[in-house]
2 protein chains.
Amino acid sequence: MERPFDEELMSLKKLLLEMAGLVEEAITDAVASLKERREDKAREVIEREKAVNLYDIEIDALAMKLLALHQPVAVDLRFITSAMRICSDLERMGDQAVNIAERSMDLILLPLLKPLIDIPEMARLAESMVKDAIDAFVRGDAALAQRVCERDDEVDHLNDQVFRELLTFTMADAETIPRAMDLILVARSLERIADHATNIGEHVIYLREGRVIKHGLGQGS
Amino acid sequence: MERPFDEELMSLKKLLLEMAGLVEEAITDAVASLKERREDKAREVIEREKAVNLYDIEIDALAMKLLALHQPVAVDLRFITSAMRICSDLERMGDQAVNIAERSMDLILLPLLKPLIDIPEMARLAESMVKDAIDAFVRGDAALAQRVCERDDEVDHLNDQVFRELLTFTMADAETIPRAMDLILVARSLERIADHATNIGEHVIYLREGRVIKHGLGQGS
């Protein structure tokens, strides 16, 4: 027997939240592995990616099944297509956490480069954006989602700053180059994680208000 | 009056192909701006991004309309959801072309760093993957799509090589650091373009065969 449609929608949401929990953990652990120079945490992040990928496949399959069997319209249709997109953003965040963990494993083998500069601050911001984007989705809170999107510029700005500071650093001491390159890539991954959080914020706004705000549409109007 | 469903599907496909054409052009011009040190080409890429984003919005809106009004099933449903995903991959490729163009504009201001090392080869490979992925979609050619996916490792390998070679380079001459960093980021963007081409290949296989191959599923089975 088919399960009722509402139950299926709830289980789609539940899967997404489980996946989001895994991805949040992956990001936190990846950043911790960098700050605390802990290879075990980096390895865990890399291991955990498989589980994230299984969620990606399961969520996609369920969403397609719901579209095919129930042919939903209006808000249910928007919920399902948003779920597919949020899932894809979560999966890409998971990939970025793996990138950070890999850089971190590289860095652990090298002597400590003292200043992580603004990277911890970037990480803090990106993590809070991910958390708020998921909360906005759970609560259907478009205002919170909007605030997530607004913080993206701050992360971009920090990323540029990190890039410039690390550059100056390497010019003063060529020995630091490999470590600086690793850190530049870490900052880039954090910036991309913030981008995906922003995408999720945009999906939540679309889901709640049926209005597209990506690519600067709908701003100030 | 509503247009017939088949006509709407054709216009969805047409929009996707137009968008793909724009994105292919953006990638080619971004790489040319780097190789030929032409700021005008870099600027064109950055300008053209707005048009790519408009396609993204238009395709998404049409796909949602088709899902809502016609409640398609089976192959039509797969076509529409694949179109939404391909559109998202194309849009992200467009972003990467802009990243390359921005690095290129940076590099034009600096003295020429002779060896672009394996970057032209990476660009050639990535461009051919994009072209073949789109062709596979147009012709519904799952075998061609499969070959696109198989070339992804080659690009990843070249990216690692470029990273290592540029690193050695900067250790020998600290003056080259800013240029080397720009080139490392260009290589990363090319690698991500190849990833998105691979995603499109996977969507085509899914569309044709209803089988999911992402995350290593379905390989060798």
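pLDDT is the predictor's confidence in each residue, on a scale from 0 to 100. The mean pLDDT of chain A is 91, and 96% of its residues reach 70 or more. For the complex, the predictor gives an ipTM of 0.78 and a pTM of 0.86. The structure is a predicted model, in which local features need pLDDT of at least 70 and side-chain atom pairs count only at pLDDT 80 or more, while totals for chains, interfaces and linings use all residues. Residues are numbered from 1 along each chain as its sequence is written, and chains are lettered from A and ligands numbered from 1 in the order in which they are written. Where pLDDT is low, the predicted coordinates should not be read in detail.

The interface was examined next. Two residues are in contact if their C-beta atoms, placed from the backbone, lie within 7 Å. Chain A brings 21 residues to the contact, and chain B brings 21 residues. On the side of chain A that touches chain B, at least two residues each come from helix H2 (39–70), helix H3 (74–108), helix H6 (152–172) and helix H7 (177–209). H2(A) supplies the largest share of this side, six residues. Helices (H or I, at least four residues) and strands (E, at least two) are DSSP runs, numbered from the N terminus. By residue class, the touching side of chain A holds 15 nonpolar, five polar and one charged. Here Ala, Val, Leu, Ile, Met, Phe, Trp, Tyr, Cys and Pro count as nonpolar, Asp, Glu, Lys and Arg as charged, and the others, Gly among them, as polar.

The same surface serves both copies, as 100% of the contact residues of chain A recur in chain B.

Two backbone angles stand out for mention. Gln71(B) lies in the loop between helix H2 (39–70) and helix H3 (74–108) of chain B. Its phi is positive, near 40°, although Gln71(B) is a residue other than glycine. Gln71(B) has 16 other C-beta atoms within 10 Å and is partly exposed. A residue is buried if 20 or more other C-beta atoms lie within 10 Å of its own, exposed if 12 or fewer, and partly exposed in between, with C-beta atoms placed from the backbone. Ala74(A) is found in helix H3 of chain A. Ala74(A) is not a glycine, yet has a positive phi of about 50°. Ala74(A) counts as exposed because it has 9 C-beta neighbours inside 10 Å.
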